[in-house]
Amino acid sequence: MKTVITDKTLQDLEFSTVLEQVSEFCISTLGKEAIFKIKPFLKKQQLFFELTMVQEYLNSFENENRIPNHGFEDITPHIKRLAIENSFLEAADFLKLSTTTETVNELKKFLIKFKDYYPTLSMFGDTIELTPFVSDAISKIITSYGEISDNASPTLKQIRKDIHQVRGKISESFSRALSKYIANGYLDDIKESIIDNQCVLAVLAMHRRKVQGSLLGSSKSGNIVYIAPQATLAFSRELQNLLYEEKQEIVKILRALAAEIRPYTPLLEQYVNFLTRIDAIGAKAKYAKEIHAILPKITKEKNVYLLDAYHPILWRKNKEKNINTISQTIKLNEKQQIIVISGPNAGGKSITLKTIGLLQVMLQSGLLIPVHERSTTTLFDTILTDIGDNQSIENQLSTYSYRLKNMRYFLRKCNDNTLFLIDEFGTGSDPELGGALAEIFLEEFYDKNAFGIITTHYANLKVLANELENVTNANMQFDEKTLEPLYKLFIGQAGSSFTFEVAQKNGIPYSLINRAKKRVETEKVRLDRTISKLQKERNRLQKTSDTLEKQKSKEQEHLENLESKEKKIKEKLADFQELYDNNQRMLSLGRTVNDFLNKYFQTNNKKELSTSFFKWVATEKTKFTKKNPPKKKTKTEKKQAEIVEKKQKESIKKVEQEVLKKVVKVREEKKKEAEKVAKERAAYVFKVQDKVRLIDGNAVGTIEKIEKNTVFINYGIFTTKASVEKLELVQRAKK
């Protein structure tokens, strides 16, 4: 699959806005960067693998075995530094490496354990190595608080022991000096303070020469001087030396740890890439959950059927404003190759066009789409778009020049596996000349078997769509009373632009609208009026049809409930009947046994009792055997059963052949009858007031007048004309 989806197409369809929305669900900066790099996949295998992983992640929200947390920090700079020979990292940075390794190992163990739930994610996890070595090596040296452990080396342990002892001596000597100079009255009320991480005495300035030690500072007023006692100075110098030795030993330990982990830098890079990919997949799944997206069935056949499809960006905006978003159902196949959408501006033509384009691009980029679960689609090698005003200031191109260049590119790239989307097709030039050229372009796309949707106001394109076999007109529904758009696509009929009606609604004076109407050709106005009337009639019929459909649905539901209740009652009756039969049988058996006992009690004849009882048992066994015959077991019996079955099949086949002969005969008779009716119909001369209908229509009208071979038919709301050959008599005129 060599996919050609340009950046311009992605820009026209606002794909970057979708990526921004998806990135909001990422838990890492690297994940967000990965989302913004998403492009349509070039290979089908990679695309299906990605889509399946996103679907599995989405399914994890609905079961108890949810995918564990996979948050991580960007350790890429630390990995690069670690790769340099003889380098080392700070303890906190090593801890980040350890955390990342533990996260990957935990996630990989989870995917191995629940391989049946997440087979594709588990397969993706198999691409990296499971090893606790890095985290184990770091945990031996560095604690969970990011500090070097005392047991990291014997030398460090001894140094820290010495540091602890020296600090004890410093504390002890300082306490002695403090007590001594308090007793002498040389200290201020605050007695002590800390300067440069060192405890000092707060000595009154007048007694500074009486206190032995090192002067480290004074107060702002100069009344107090801060002196480190002489007894602690020697211990402080020893402490500084020990702290320096500790620092050097820590660097040595960290270098050794870095050297130990350095061979694993490629694996750490794989870990980062793995977590980044999982973060991106998770973000796609969370976004899909928010917009109620699914993975539709993807077929090899050229067939697009997006049922109840939403434009995700519009859906999100409307949700924020608490506005309901109207779904669209879009169908493209071999018999409906191109759809020409017409109708008034601001009616939703462009958003419908963008919906199919954006959803197709999202799917081919590994994103789930907001459609009904019964939706199906295919994968296109090329998606071409021409949407919006594309004036090019840099290249000094007008809108029309730009569009012509675009059409040239379309004609070069277009083939039988192309989806093209063109908004306001043919505009930018003289309506007649531009419309004629647009017709030629449309015919070229049609001849190349490309799939596409275009929007237009040009009447000639609507007519052409009606003439080409696999091109269909469509319109965006419009409320003729309120002149408000309904944002619902209707396939099968061109739409009126409602030009004058919309102008009147927007406050244009009626006198000006009348003047404009007079300047337009009468036939054009009549055509637009007729289309408008038909559209109104169709809207009315559609509402009636929807009402009837709802009633039918309710009646069907009521009928199903009644059938269900009837079935339950029958089952209960059958159970009661079986119970009654069993009880009657037990009563009969009980009476028979009771008779035997009574007779025995009277005669006391055991032999007679035994004979009668076994005779009765034999009779009951015979009855039981007749009702429940034993299964045939011998080979002879099996062969006999096969012969009987074969005879039955031959008999059935013979009957079928006889029935087929009778069916053929009946068909011939019906054909002769139809030919007879056709001859009578052809011979019939239509008269005024005859009730007729078009051969391919359902509406019944009355003939108003007849001119040669043309008949004028009144349908009540409007009048139309048709040739005699296209008419079918419903009822003759009353004499």
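## Exercises: helices, rings and one arginine

Helices H6 and H8 cross in a left-handed way. Keep in mind that you're working with a predicted model.

**Exercise 1.** Find where H6 and H8 meet, and sort the contact residues by class.

*Solution.* Start with the general idea: two packed helices are described by the angle between their axes and the distance between the axes. Now locate the pair: H6 covers residues 91-113 and H8 covers residues 133-141. Their axes come within 8 Å and cross at roughly 140°. Next, look at who touches whom. On the H6 side you'll find Phe-94, Leu-95, Leu-97, Ser-98, Thr-101 and Glu-102, and these meet Val-134, Ser-135 and Ile-138 of H8. Sorting this contact by class gives 5 nonpolar, 3 polar and 1 charged residues.

**Exercise 2.** Which residues do ring pairs link into a cluster?

*Solution.* Begin with the count: rings pair if their centres lie within 6.5 Å, and by this rule there are 11 aromatic pairs. Then follow the links: ring pairs join Phe-110, Phe-114, Tyr-117 and Tyr-118 into a cluster.

**Exercise 3.** Over which ring does the charged end of Lys-289 sit, and over which face does Arg-277 lie?

*Solution.* Take the lysine: the charged end of Lys-289 is over the ring of Phe-61, 5.0 Å from its centre. Then the arginine: Arg-277 lies over the face of Phe-124, 5.0 Å from the ring centre.

**Exercise 4.** Is Arg-237 buried or exposed?

*Solution.* First place Arg-237: it belongs to helix H10, residues 230-261. Its relative accessibility is 52%, so Arg-237 counts as exposed.

Terms used:
Residues are numbered from 1 along each chain as its sequence is written. This is a predicted model: local features need pLDDT of at least 70, side-chain atom pairs count only at pLDDT 80 or more; totals for chains, interfaces and linings use all residues. Side-chain values use heavy atoms; hydrogens and water are left out. Rings of Phe, Tyr and Trp (its six-membered ring) pair if their centres lie within 6.5 Å; planes under 30 degrees apart count as stacked, over 60 as edge-to-face and the rest as tilted. A charge sits over a ring if NZ of Lys or CZ of Arg is within 6 Å of the ring centre and within 35 degrees of the ring normal. Axes are lines fitted to C-alpha atoms, for helices over the stretch in contact, and angles run from 0 to 180 degrees between N-to-C directions. Helices (H or I, at least four residues) and strands (E, at least two) are DSSP runs, numbered from the N terminus. A crossing is left-handed if the near helix is turned anticlockwise from the far one by less than a right angle, and right-handed if clockwise. Contact means heavy atoms within 4.5 Å. Ala, Val, Leu, Ile, Met, Phe, Trp, Tyr, Cys and Pro count as nonpolar, Asp, Glu, Lys and Arg as charged, and the others, Gly among them, as polar. Buried means under 20% relative accessible area, exposed over 50%, partly exposed in between (1.4 Å probe, protein chains only).
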